[in-house]
Amino acid sequence: MLKYVIKRILLLIMTLIIITAISFILIRLMPYPKPTEGDNAANIIAYLDSIGFYEPMPYQMWLYVKRLFETGSFGMSYHLWPAHSFEALLLKKIPATIVVNLYSVILAIPLGLFLGILAALKKNKLTDQTISIAVIAFISVPSFIYAFLFQYFFAYKWPILPLRMYMGEDFFSLRMFPSIILPIISLALGSIAGIARYTRAELIEVLTGEYMFLARTKGLSRGQAT
């Protein structure tokens with residue numbers, strides 16, 4: 001047992017190192033907007049130089065990991081939120097992320113169950129085929145594609161809903177809700193499809209079980225047998 005635990009811990013550490021290295025390299029390979037002229041640009045350049053931004057990439061990663069273990073900080077934001085730490089930026093964005101995910105789960109579970117049950121009861125009929133095609137499409141396409149399409153059509157082409165999320169203090173207010181409808185739907189579609197597919201498969205297995213056939217042969221209707 002102890003050997004297994006040690007093996008799993010070492011595997012966890014190795015996975016963490018690989019993910020950190022890949023993420024660091026991919027982020028550093030992204031185009032970087034150079035600071036413009038001025039005092040602020042000079043301060044940004046000085047800060048980047050102090051953290052080894054202009055050093056070779058392997059040495060940059062070593063400095064990043066060393067600084068993370070020594071100070072426990074992920075560094076400062078110099079582009080999205082200048083002169084603020086990454087931790088402060090993360091804490092500011094977490095509440096909105098939690099709210100959007102919470103609403104998407106509340107929407108996905110009942111709707112996914114309903115569609116899965118409906119598809120199972122209408123097996124091999126037009127309703128089942130339509131739901132199955134929609135499920136395959138929603139599972140195959142990433143959620144950010146839906147988000148882009150929803151933003152383009154429902155926020156830009158037809159300005160029905162706000163393009164940006166209202167950043168207020170009350171995340172459950174009527175003013176906040178319209179601004180998060182698009183991200184909620186974008187996140188919920190994949191979950192709805194997954195729940196519907198799983199529910200349909202499990203319910204069909206139950207409805208085609210031997211005990212169901214036995215109940216039906218004894219004269220019970222489908223509703224009475226279930």
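**Exercise 1. State where Ile 98 is found and whether it is buried or exposed.**

Ile 98 is found in helix α4; helices (H or I, at least four residues) and strands (E, at least two) are DSSP runs, numbered from the N terminus. The model is predicted, so local features need pLDDT of at least 70, side-chain atom pairs count only at pLDDT 80 or more, and totals for chains, interfaces and linings use all residues. Residues are numbered from 1 along each chain as its sequence is written, and side-chain values use heavy atoms, with hydrogens and water left out.

Step 1. The relative accessible area of Ile 98 is 53%. Buried means under 20%, exposed over 50%, and partly exposed in between (1.4 Å probe, protein chains only).
Step 2. Ile 98 is therefore exposed, because its value is 53%.
Step 3. Ile 98 and Phe 171 are 73 residues apart in sequence, with 9.9 Å from C-alpha to C-alpha.

**Exercise 2. Determine whether Ser 104 is buried or exposed, and list what it touches.**

Step 1. Ser 104 also belongs to helix α4.
Step 2. Ser 104 counts as buried because its relative accessibility is 6%.
Step 3. Leaving aside residues up to four places away in sequence, Ser 104 touches Ile 184, Leu 187 and Ala 188, where contact means heavy atoms within 4.5 Å.

**Exercise 3. Identify the residues of the largest nonpolar core.**

Step 1. A nonpolar core is a set of buried Ala, Val, Leu, Ile, Met, Phe, Trp, Tyr and Cys residues joined through side-chain atoms within 4.5 Å.
Step 2. The largest such core has 8 residues: Ala 96, Val 99, Val 100, Tyr 103, Phe 171, Met 176, Ile 180 and Ile 184.
Step 3. Helix α4 (residues 86–121) gives the most to this core, with 4 residues.
Step 4. Val 100 touches Met 165, Ile 180, Pro 183, Ile 184 and Leu 187, not counting residues up to four places away in sequence.
Step 5. Another core, of 6 residues, lies apart from the largest one; among its members are Tyr 146, Phe 150, Ala 155 and Leu 189.

**Exercise 4. Describe two of the aromatic pairs and the accessibility of their members.**

Step 1. Rings of Phe, Tyr and Trp (its six-membered ring) pair if their centres lie within 6.5 Å; planes under 30 degrees apart count as stacked, over 60 as edge-to-face and the rest as tilted.
Step 2. The structure holds 7 aromatic pairs. In one of them, Phe 138 and Tyr 146 are edge-to-face, at 5.7 Å centre to centre and 75 degrees between the planes.
Step 3. Phe 138 counts as partly exposed because its relative accessibility is 28%, whereas Tyr 146, at 9%, is buried.
Step 4. Tyr 152 and Phe 153 also form an edge-to-face pair, with 5.0 Å between centres and 85 degrees between planes.
Step 5. Tyr 152 is partly exposed at 33% relative accessibility, and Phe 153 is partly exposed with a relative accessible area of 33%.
Step 6. One aromatic cluster is formed by Phe 150, Tyr 152, Phe 153, Phe 154, Tyr 156 and Trp 158.
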